[in-house]
Protein chains: 2
Amino acid sequence: MRLFCLSFLAAVLATAISPAADQHLGVGAKPLPGAEVILEGEGYDEAVAVANSLVAARGLTYVHAFDDPAIIAGQGTIGFEMLEDVPQLDMLVVPIGGGGLMSGVAIAARDMKPTIELVGVEAELYPSMWSRLRGRPAQIGGDTLAEGIAVKEPGRLTLRILLALLDDLLLVSERELERAVALLLNVEKTVVEGAGAAGLAALLSQPDRFRGRNVGLVLCGGNIDTRLLANVLLRELAREGRLARLRIAIKDRPGQLSGVARVFEAMGSNIIEVYHQRVFNRLPAKGLITEIECETRDRAHLDALVAALRAAGYDTRLLDID
Amino acid sequence: MRLFCLSFLAAVLATAISPAADQHLGVGAKPLPGAEVILEGEGYDEAVAVANSLVAARGLTYVHAFDDPAIIAGQGTIGFEMLEDVPQLDMLVVPIGGGGLMSGVAIAARDMKPTIELVGVEAELYPSMWSRLRGRPAQIGGDTLAEGIAVKEPGRLTLRILLALLDDLLLVSERELERAVALLLNVEKTVVEGAGAAGLAALLSQPDRFRGRNVGLVLCGGNIDTRLLANVLLRELAREGRLARLRIAIKDRPGQLSGVARVFEAMGSNIIEVYHQRVFNRLPAKGLITEIECETRDRAHLDALVAALRAAGYDTRLLDID
């Protein structure tokens with residue numbers, strides 16, 4: 001499989017363009033030359049409600065984030081540029097929130113190359129277009145890493161376009177989204193948000209579906225909270241067996257921790273943090289649960305460390321994150 | 001100030017090229033087509049010693065990481081390409097380890113544009129070229145984020161070239177290196193290791209030195225350990241006042257923590273973790289130190305939160321990371 005990615009690191013937000021270009025709001029507004037940015041609402045739907053009330057109150061023009069022919073046409077230039085750069089692409093894999101990006105890319109790409117396969121991707125927690133295309137109800141909602149495509153109601157126009165042009169729509173899990181964000185950062189050295197990494201997540205979820213094909217991915221956003229990104233990276237290390245937390249039962253007396261530490265040293269594992277738990281455990285009062293966070297090279301090294309601790313007589317349990 | 005960056009995401013390592021291209025080592029070796037990679041040694045100097053012993057034992061050819069005219073010429077193409085792309089550059093800022101990259105860039109750039117200003121950058125902990133250029137001894141060593149340029153002894157050839165061509169050599173602190181790595185990730189969406197970000201660190205350390213100039217930076221490496229990167233990001237959040245740990249003295253009885261939590265809620269700060277410390281504190285036995293890790297919007301928001309906690313009667317101290 002050969003991959004071609006186009007980064008499109010700009011989030012599409014519900015925006016209200018002010019007719020008076022030099023007018024600025026006070027509280028919570030960041031002045032930009034000729035524009036006024038207001039950050040309000042917990043997610044897309046709340047932001048839309050705020051924008052609509054501003055439109056009504058100030059007589060502004062509402063620019064829809066996806067259900068607008070001009071927005072769709074603008075986003076379609078991405079499909080055009082990708083096929084212009086790499087005509088041998090067999091398929092394009094594009095994240096779907098409201099469906100504007102996928103609609104534009106689909107129209108442009110299908111026109112340039114009628115044989116191109118067009119695959120959309122949604123988060124498992126927000127299968128709104130998936131549900132509409134199938135005419136089937138679906139459970140929609142939850143806390144997803146891909147908040148950029150967490151849209152409850154797809155566009156009417158985009159639905160019509162995608163009904164006509166889309167070949168497939170895949171749903172990806174939170175774990176696949178996390179893995180895709182971590183891979184893009186570690187291998188491509190590029191920061192991509194959960195929604196932007198959904199295309200790669202789809203590839204990871206169904207490798208056989210894409211084997212042997214030239215696949216184009218659109219990495220459509222890089223707005224990820226720093227603390228969230230740090231957590232995603234650390235969780236991925238834990239999944240790869242490179243960061244682990246072990247729960248080890250020892251006796252609460254001198255020398256016990258030193259004995260445990262010797263096993264870590266002999267196995268070449270770096271201890272990062274040690275937590276003692278005297279009260280909330282099921283051991284006799286003299287017992288002590290110690291939790292040790294440590295670094296290992298990979299899953300095999302971690303398994304060998306756990307085996308060595310058990311062989312040395314320590315009751316050891318590996319705490320999993322999933 | 002206008003910035004032009006060229007990413008050069010490949011670490012230059014001390015390598016020994018085997019004459020038998022299909023020969024592979026067993027333990028610790030990652031086979032590559034036509035090459036054999038051996039990971040050994042804690043840093044550059046140890047890796048060189050291992051490479052030299054392999055050269056002696058197997059009759060290999062040693063390719064120096066920087067003190068070699070061909071290596072310098074190859075790295076010089078970066079300077080050539082930068083001035084070809086952006087002829088209006090006034091200065092180039094380049095990290096220095098052994099000095100090969102800076103030497104090549106200096107030769108190419110000065111030849112193309114005699115007025116170009118050439119500025120090298122070293123980590124404060126490893127001012128080896130700085131010391132040689134001035135003929136002054138310096139303290140060299142320590143644990144730096146920029147391990148890619150942590151070289152104790154610059155090259156003989158590179159020293160001669162840089163004596164002739166370099167206009168200035170700046171030293172950057174660990175804090176500036178961390179800030180540069182975090183900025184490149186957050187703003188440029190690019191993963192750059194400490195050594196690779198040293199040029200931006202130099203700009204951050206002396207903004208007046210670069211004001212109004214067209215500055216070219218070489219981002220010369222992206223090999224950063226994931227856990228280290230996550231830590232750098234979290235420390236930067238703490239420095240910006242967006243992540244904080246507060247030490248709050250409360251009484252060890254029902255309702256106390258709830259009272260503290262109400263202040264956080266009223267101030268709109270998200271509590272991430274709560275740690276209780278009953279034993280190791282200087283309060284009376286009924287006293288309790290609680291450490292609360294929380295998110296705030298910025299330094300002003302954090303200061304307001306601390307003030308609100310104190311106004312509510314809680315003895316509060318902000319734990320700093322530097």
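Modeller: Happy to! Between chain B and chain A there are 2 salt bridges, a salt bridge being a side-chain nitrogen of Lys or Arg within 4 Å of a carboxyl oxygen of Asp or Glu. One of them joins the side chains of B:R227 and A:E295, at 2.8 Å from N to O. In chain B, α6 (174-186), α9 (226-239) and β11 (270-277) each give at least two residues to the side that touches chain A; helices (H or I, at least four residues) and strands (E, at least two) are DSSP runs, numbered from the N terminus. The largest share, 7 residues, comes from α9(B).

Please keep in mind that this is a predicted model, where local features need pLDDT of at least 70 and side-chain atom pairs count only at pLDDT 80 or more, while totals for chains, interfaces and linings use all residues. Residues are numbered from 1 along each chain as its sequence is written, chains are lettered from A and ligands numbered from 1 in the order in which they are written, and side-chain values use heavy atoms, leaving out hydrogens and water.

Now for the whole interface: 21 residues of chain B are in contact (heavy atoms within 4.5 Å) with 21 residues of chain A. The area buried between the chains is about 1700 Å², with 62% of it from carbon and sulfur atoms; buried area is the accessible area (1.4 Å probe) that two parts lose on being put together, summed over both. B:K189, B:T226 and B:R227 supply 40% of what chain B buries against chain A, more than any other three residues.
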